[in-house]
Amino acid sequence: MLQSFMNIFTSLGDTVVVPIIIFIVALCLRVRAKTAMMSSLLVGVGLTGFGWIISSFTPVVTKIINQMIKTTGINLPVVDTGWQTSALASFHSTVGISFFIVGLILEIILFLIGYTKVFFPTNLWQNWGFMIWGTVAYTVTHNFWLSLGLSMFMMLYILMVAEIQADRWSDYYKISNGTTSALHNMENAVPAIILDPLWNLFGFNKVHLTPEVLKKRLGVFGEPTFIGAVLGVIIGLLGNISRLSSLDAWGQILTFGVQLAGVMTIFPLVAHLFGSAFKPLTDEITERYIKKNTGKATESDAIKSKKRWFLAIDDGVGYGESATIISGVILIPIIVILAFILPGNKTIPVVDLVSIPFMIESMVAVYRGNILKILCTATIWLGIGLYASSYMAPMYSASVSQYGVAATTGAALIVSFNVMARPLNALIFAAWVSGNPLWIGLTIIIYGFFQILLRTHRPQIWAYLKRMSDKNKPDYTNAAKKKQASKRTIPNN
């Protein structure tokens, strides 16, 4: 029966299933049927648009990256074949199917009893992110309950992280009371929060490298379209460095520049359309904690409100945001170079390079679009992630092969850079598959500590993250100086 249900789900796909879920949730929130229908259709349209753009752009990027690899002559044994292999394998495994049903029920219960402020089922498709780690664990341990337990634990910890950064994500991406909670794209909120005080100590918050500032100072040269064209030409040059005397090479270089400019121009439009689909739902959530006597809530009210909750939405909403996609594209050659020079690394990212904007969304939200901070944190964390994916590759390859997912490369080992280049996730995985109660217990104790901290100090945590985020505003330094000066002023008697 479970397999039949999953066959229906996978046959319909996320562009059909997710809109249906959105429609049901909208009706439960007492949104008018007409509005609920339009919202759900726009969600389907948005997901379709994301799919079309990425599916068209991926082979173009992959071709140039493969040329870069061929030019350098470096041959790494683990090849990134994209996140799709993870999703397919997870929906074909017993552990994966079991989690999809049991996990969904648990996600609803946890929300209804107030254990989490994030309603995950609206982002139901992204459950495969939890399912794949349990699937790989089962291939290694052959222990069904331990593997299912790992998927459950990862769901609990990521819901906690999602709730911690939810206020920042909602504020930055301008989706009122909306957040993303995909496992493979949420983990990076942890290093972003930890490293932020260090970057401020270095004065990075005073380097106002944001899309708004770039546009203001550079005019048309600061537009995402122009930046995309320049980055496209640079990446094209790196991919054709050995044949610059060829007319074909320059044709590819300039074409890729135009294509990347197109992605940076079109994707934000699709993301805006997709985001508007959630507005009736997130507005309904907002009304639940808005003060009736004022008709609106301040940021302070939102942070302190015990009734506030968040709707989990697809992370495609943030992909096309200017700081997100600019940072993501800049990171493509950086990550490839790191793969070549880091000693002991075995992974060469290829297909999932186009997913980097997804991978850094939480960093972007925490840093309020400060591109310098984003690049520094992502370079460090994804650099470590290369080692994590190299560690996971043998187990991941065995798992996807076991469930009949054919690799599209002749490489001995494959991996998904987007999914497996996650240092914290890999560390948790290693603790659980060890089967050692001490290591497993330690992960649970650490989670329990931070969960209690969140339950008892949520307003303070959100307020702290807002203060840190505000330090990246261009006018923050001047405002702070004026505030300090006003405190030093001695009033006349």
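**Exercise 1. Helix α16**

Task: Decide whether α16 is mostly covered or mostly uncovered in this predicted model, and describe its length, its bend and its start.

Solution. 
Step 1. Of the 20 residues in α16, 14 are buried, and the helix is mostly covered.
Step 2. The helix runs over residues 322-341. From its first C-alpha to its last, α16 reaches 29 Å, close to the 28 Å expected at 1.5 Å a residue.
Step 3. The bend is found at I332, where α16 has a kink of about 30°.
Step 4. At the start of the helix, E321 places a side-chain oxygen within 3.1 Å of the backbone nitrogen of A323.

**Exercise 2. The salt bridges of D167**

Task: Find which side chains meet that of D167 in salt bridges, and state which parts of the chain the pair with R308 ties together.

Solution. 
Step 1. Side chains of opposite charge can pair when their charged atoms come close.
Step 2. One partner of D167 is R168, with an N to O distance of 2.9 Å. Both of these residues are buried.
Step 3. Another partner of D167 is R308, and here N and O are 2.7 Å apart. The pair ties together parts that are 141 residues apart in sequence, because D167 lies in helix α7 (residues 144-172) and R308 in the loop between α14 (299-304) and β4 (310-312).
Step 4. R308 is buried, as is D167.
Step 5. For the whole structure, the number of salt bridges is 11.

**Exercise 3. K473 and D470**

Task: Classify K473 and D470 as buried, partly exposed or exposed, and name the network to which their salt bridge belongs.

Solution. 
Step 1. The closest N and O atoms of K473 and D470 are 3.6 Å apart, and the two residues form a salt bridge.
Step 2. Buried means under 20% relative accessible area, and exposed means over 50%.
Step 3. K473 has a relative accessibility of 30%, so K473 counts as partly exposed.
Step 4. D470 has a relative accessibility of 13%, so D470 counts as buried.
Step 5. Through shared partners, salt bridges join D167, R168, D171, R308, R368, K466, D470 and K473 into one network.

**Exercise 4. Aromatic rings**

Task: Classify the ring pair of F119 and W309 and the ring pair of W199 and F202 by the angle between their planes.

Solution. 
Step 1. The whole structure has 17 aromatic pairs.
Step 2. Planes under 30 degrees apart count as stacked, over 60 as edge-to-face and the rest as tilted.
Step 3. For F119 and W309 the planes stand at 80° and the ring centres are 6.5 Å apart, so this pair is edge-to-face.
Step 4. F119 is in strand β2 (residues 118-119) and W309 in the loop between α14 and β4, so the pair links distant parts of the chain, 190 residues apart.
Step 5. F119 is buried at 13% relative accessibility, and W309 is buried with a relative accessible area of 13%.
Step 6. For W199 and F202 the planes stand at 50° and the centres are 6.1 Å apart, so this pair is tilted. W199 is buried, with a relative accessible area of 6%.
Step 7. Ring pairs also link F99, F120 and F130 into a cluster.

**Exercise 5. Charges over a ring**

Task: Which charged ends sit over the ring of W462?

Solution. 
Step 1. The charged end of R308 lies over this ring, 5.6 Å from the centre.
Step 2. The charged end of R458 also sits over the ring of W462, at 6.0 Å from the centre.

Note on methods. Residues numbered from 1 in each chain as written. Predicted model: local features only at pLDDT ≥ 70, side-chain atom pairs only at ≥ 80, totals over all residues. Heavy atoms only, no water. Salt bridge = Lys/Arg side-chain N within 4 Å of Asp/Glu carboxyl O. Buried < 20%, exposed > 50% of the residue type's maximum accessible area, 1.4 Å probe, protein only. Helix = DSSP H or I, 4+ residues; strand = E, 2+ residues; numbered from the N terminus. Phe/Tyr/Trp six-rings, centres within 6.5 Å; stacked < 30°, edge-to-face > 60°. Lys NZ or Arg CZ within 6 Å of the ring centre and 35° of its normal. Expected span 1.5 Å × (residues − 1). Bend = angle between axes of the 7 residues up to and from the residue. Polar contact = N/O pair within 3.5 Å; in protein donor to acceptor, adjacent residues only side chain to side chain.
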